[in-house]
Amino acid sequence: MQKLAYLGLGIMGGNMAANLIQAGYEVMVWNRTAAACGPLKEQSAEVATSPAEAVRQADVVLYCLSNEEAIEEVVFGDEGVLAAAKAGKIIVDMSTVHPATSRHEAVAIEATGAKFLDAPVLGSRDKAEAGTLTVVAGGSTEAFETVRPILEVVGGPVFHMGDHGAGTTAKLAGNLLLTAEAQLFSEAMLLASKSGLKVDAMAEMLRTTPLWPPLFELMTKTAQSRDFGVNFPLKHAYKDTNLITELAAEVGAPSAIGSAIRETLKGAVNQGWGDENFTALLKMLELQASQKLS
Ligand code: NAP
């Protein structure tokens, strides 16, 4: 069995690392804030004092970090991943970042002889806990097939989407659908609510039509419970809509909806809701409508 390193033990990385340990892999972990390593140490993980230390002892290195700044520090910084990358190792970035960042990592890492895959995930905390995330990878077929059994521990379906950057491109397109559905639900329900209709009655009617995707159940529940406890931090959804609109401009794709959602999420971050769940974008639209859904 390959020796693994897992760097970045947040909501997603912590659960993925735990599942790999439970599957019998020897895993060395590292996190910027060392306290997050505690629960994994109890499950037999070794704890590294730097990313490079973890990379040195690993055949396959996985990481799931917030954003480009984190990649800059953990991959390209002093005692970062790059400092210890070499032939024979496969480095897998599971963060949601710009595809150009994935390609930048690929060039730098593959120049050392190591192989690189971008392999972000769709699905949130529950799927990360259950090991049923959808993994979308970019890079060589050979590297993908070598790490497939590892990705299948953290993921249910795993997809090889193409060359470097194809995984992060697919992930961003998926997140446009996710955040668009949340915004669409909020706008449609506020239209009905401002006109005197009830969310319950609207939901009951719409469930009988093809207009009701699964996310609308979560949004309905959230509108009623007012529980914005975090699974997918809103600040990360905002980061993603920035990446989506940047990428759209670069490739010449339309992004009217992406731009509208970005403005909603920016407003929500400015309200101080960045550490709540992404569904708190509803609160921003309620604020604009001067009405809470009921
Ligand atoms: P999270 O809970 O906020 O964890 C972020 C991780 O990145 C933590 O380990 C954090 O370390 C680390 N980090 C942040 N800035 C850093 C820096 N400058 N240097 C070193 N480490 C740094 O986030 P998450 O929800 O697990 O998400 C991680 C990635 O997966 C993001 O790209 C997100 O968009 C994506 N994603 C999330 C979900 C979801 O539902 N949560 C689903 C799909 C994809 P500290 O503990 O020290 O802060």
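**Notes on the predicted model**

1. Arg 226 sits in the loop between α11 (215–225) and α12, and its phi is positive, about 60°, although it is not a glycine. Most residues other than glycine have a negative phi. Keep in mind that this is a predicted model.

2. You'll find Ser 44 in the loop between α2 (38–42) and β3 (46–47). Ser 44 counts as exposed because it has 10 C-beta neighbours inside 10 Å.

3. Now the ligand. It has 27 residues around it, and Gly 10, Arg 32, Thr 33, Ser 124 and Phe 232 are the closest. Two or more shell residues come from each of α1 (11–22), α4 (68–76) and α12 (234–251). The top contributor is α4, with 4 residues. By type, the shell splits into 11 nonpolar, 11 polar and 5 charged residues.

4. Where does the ligand lie relative to the domains? Domain 1 (4–163) and domain 2 (169–289) both supply shell residues, so the ligand lies between them.

5. On packing: the largest nonpolar core holds 60 residues, and Tyr 6, Ala 17, Val 29, Val 61 and Val 92 touch the most other members. Helix α8 (residues 141–154) gives the most to this core, 6 residues. Another core, of 21 residues, lies apart from it and includes Met 189, Leu 265, Trp 273 and Met 284.

6. A closer look at Ala 17: setting aside neighbours within four places in sequence, Ala 17 contacts Tyr 6, Leu 9, Val 27, Val 29, Leu 40 and Ala 45.

Note on methods
Residues numbered from 1 in each chain as written. Predicted model: local features only at pLDDT ≥ 70, side-chain atom pairs only at ≥ 80, totals over all residues. Near = placed C-beta within 6 Å. Nonpolar A, V, L, I, M, F, W, Y, C, P; charged D, E, K, R; others polar. Domains from an automatic or database assignment. Core = buried A, V, L, I, M, F, W, Y, C linked by C-beta atoms within 7 Å. Buried ≥ 20, exposed ≤ 12 C-beta atoms within 10 Å, placed from the backbone. Contact = placed C-beta atoms within 7 Å.
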